[in-house]
Amino acid sequence: MPGPAKSGLDMAATLRILPGFARARPTAVLWGSPASWSTSNVALVEHAWKMFEGAVGVVMPGPMLHRVLALDTETGQLKVRDRNFQLHHNLYLVGFGKAVLGMAAVTEELLSEHLVQGVISVPKGIQEAMEHTDMKEMLLKPNSCIQVFEGAKDNLPDGNAQQAALAIRDLAEKLTADDLLLVLISGGGSALLPAPIPPVTLEEKQLLTKMLAASGATIQELNTIRKALSQLKGGGLARAAYPAQVVSLILSDVVGDPVDIIASGPTVASNHTVQDCLHILSRYDLRGVLPRSIKTVLSRADSDPHGRSGCGHVLNVIIGSNSLALAEAQRRAEALGYQALVLSRVMQGEVRRVARFYRLLAQAVCVRLSSKVMRTNKEEDELQDLVEELQLSDLNLEEVLEAVEGAKGPVCFLAGGEPTVRLQGSGKGGRNQELALRVAVELSGSTISDWGALFLSGGTDGQDGPTEAAGAWVTPGLATEAAVEDLDIMASLANNDSNTFFRHLKGGVHLLCTGLTGTNVMDIHLLLLRPC
Ligand SMILES: Nc1ncnc2c1ncn2[C@@H]1O[C@H](COP(=O)(O)OP(=O)(O)OP(=O)(O)O)[C@@H](O)[C@H]1O
Ligand SMILES: O=C(O)[C@H](O)CO
């Protein structure tokens with residue numbers, strides 16, 4: 001049986017990897033009050049929190065940059081993975097992305113002796129948020145030589161971000177062959193580096209991006225279009241910095257870590273064609289609404305003599321990823337006594353189908369582990385079909401089910417990625433909260449009622465869509481809890497209003513409210529199953 005609610009001291013220890021969280025908010029605020037969790041859920045909730053916290057902690061800027069950068073202070077040799085660069089007060093820094101503030105702070109701390117100047121573009125309000133959460137290590141020092149621009153409210157390019165992009169371009173253009181440009185890149189970088197090719201305007205680019213995103217375009221599709229319309233994306237920044245050497249340190253927020261797609265690859269030569277763009281625009285029925293300026297830029301793109309030049313002077317390095325975060329969560333799950341299995345690192349697809357996948361998986365596992373329930377092939381066949389539909393290419397279902405068959409204790413499944421939501425309503429929500437709510441609906445109609453079960457979906461950046469929560473956790477009993485409070489789950493889902501729903505349900509106890517974490521490696525899904 002789970003123990004009583006933890007003391008404040010124990011909680012602080014639990015939260016040690018993200019010390020800012022522990023100091024700023026007691027766990028009651030992060031997760032609601034333990035007293036309001038049903039007793040049987042307390043342990044599962046605490047375990048899920050520890051796993052999520054570990055996943056985020058391992059991809060925080062400090063640990064990541066210390067793993068990849070080594071400066072020999074005597075010789076001024078900077079080692080980045082297996083490459084050496086000679087520093088002699090010739091280092092410049094630019095950056096853009098949700099995690100870049102902390103990355104820049106750590107980098108400046110490590111390399112300040114050689115750093116001449118820097119410009120970064122980070123989300124609106126992030127410095128204040130970091131001050132409030134007491135995450136001082138994520139802030140630049142008062143005497144920093146790095147200029148900070150804040151912009152792209154709600155992850156949409158705006159005038160502030162455009163100003164930042166132009167300052168970054170100006171810095172890159174003045175560099176010489178003797179200089180080294182360090183480029184810090186993380187998710188959200190595309191919106192924070194808008195420099196549309198004239199005559200395309202920022203408003204036109206913003207509108208097209210919004211329409212593509214609302215139609216359910218994938219990030220690969222979205223960024224293929226962004227690259228074609230941008231001066232700096234698709235290798236443009238690297239070209240601007242030539243002949244300086246360029247080292248990009250990339251925190252991946254895209255499934256499979258494709259460097260040409262993350263933040264639209266400003267230091268990676270694009271190999272997409274205009275034809276690729278036209279196919280994407282046709283797929284979402286947007287060719288007919290394109291303004292003349294966008295058509296003009298697209299029609300010029302393939303013949304642009306600068307368009308496809310190489311990026312031989314660039315070293316692109318992935319320094320953190322969802323896989324790394326999952327591995328740490330798995331390690332923590334094992335330490336807590338779970339048989340822990342990473343299902344997939346490429347979890348994509350529509351949230352409804354992803355929710356169905358988790359229900360069928362939970363059911364299949366319970367059936368395999370329970371002598372009371374007859375095993376039927378029908379459901380496992382449907383599950384296998386779904387694995388194929390969701391293109392979970394790294395998941396061998398039979399192996400997973402066989403692995404848990406002998407499990408004596410609780411089981412934890414982990415997955416990472418970024419499912420999509422097709423927005424139909426006007427409510428407030430995010431893909432993690434909507435997925436969690438859909439999983440709750442699925443689990444409440446399943447046959448796993450004899451089991452302790454918890455599903456958590458959280459964005460590692462701490463912000464799920466335009467909401468203040470990172471995600472949510474649910475159990476099979478959530479539908480009953482909602483009925484008691486007269487909350488209509490299906491109406492909330494139809495209006496994409498998951499955040500409003502969770503805020504009302506039991507005073508928000510199911511919300512995962514970390515605040516901005518300062519990192520960003522997509523979403524983490526945890527499914528915990530424990531025989532009662
Ligand atoms: N009301 C809503 N309900 C459900 N999902 C929503 C809602 N509003 C926006 N979203 C989803 O939120 C996502 C945008 O969230 P976010 O701002 O976290 O951007 P992102 O591009 O995913 O950034 P990151 O990769 O850094 O997390 C989109 O997938 C969008 O469909
Ligand atoms: O900025 C972007 O393009 C997305 O976050 C993917 O990296």
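A polar contact here means a pair of N or O atoms within 3.5 Å. With that in hand, here's a quick look at two spots in this predicted model: the surroundings of ligand 2 and a cluster of rings made by Phe 357, Tyr 358 and Phe 455.

**Around ligand 2**

- Gly 189 uses its backbone: an N or O atom there sits 3.0 Å from an oxygen atom of ligand 2.
- Asp 253 has a polar side-chain atom 2.5 Å from an oxygen atom of ligand 2.
- On its own, ligand 2 has 230 Å² of accessible area, and the protein covers 92% of that.
- The residues surrounding ligand 2 include Gly 187, Gly 188, Ser 190, Ile 219, Arg 226 and Val 254.
- Sorted by class, that shell comes to 4 nonpolar, 5 polar and 2 charged residues.

**The aromatic rings**

- Searching the whole structure turns up 3 aromatic pairs.
- Phe 357 and Tyr 358 make an edge-to-face pair, because their planes meet at 70° and anything over 60 degrees counts as edge-to-face; their ring centres are 5.1 Å apart.
- Tyr 358 also pairs with Phe 455, this time tilted, at 4.8 Å centre to centre and 50° between the planes.

Conventions:
Residues numbered from 1 in each chain as written. Chains lettered and ligands numbered in written order. Predicted model: local features only at pLDDT ≥ 70, side-chain atom pairs only at ≥ 80, totals over all residues. Heavy atoms only, no water. Near = heavy atom within 4 Å. Polar contact = N/O pair within 3.5 Å; in protein donor to acceptor, adjacent residues only side chain to side chain. Areas by Shrake-Rupley, 256 points an atom, 1.4 Å probe, with all protein chains shown as cover. Nonpolar A, V, L, I, M, F, W, Y, C, P; charged D, E, K, R; others polar. Phe/Tyr/Trp six-rings, centres within 6.5 Å; stacked < 30°, edge-to-face > 60°.
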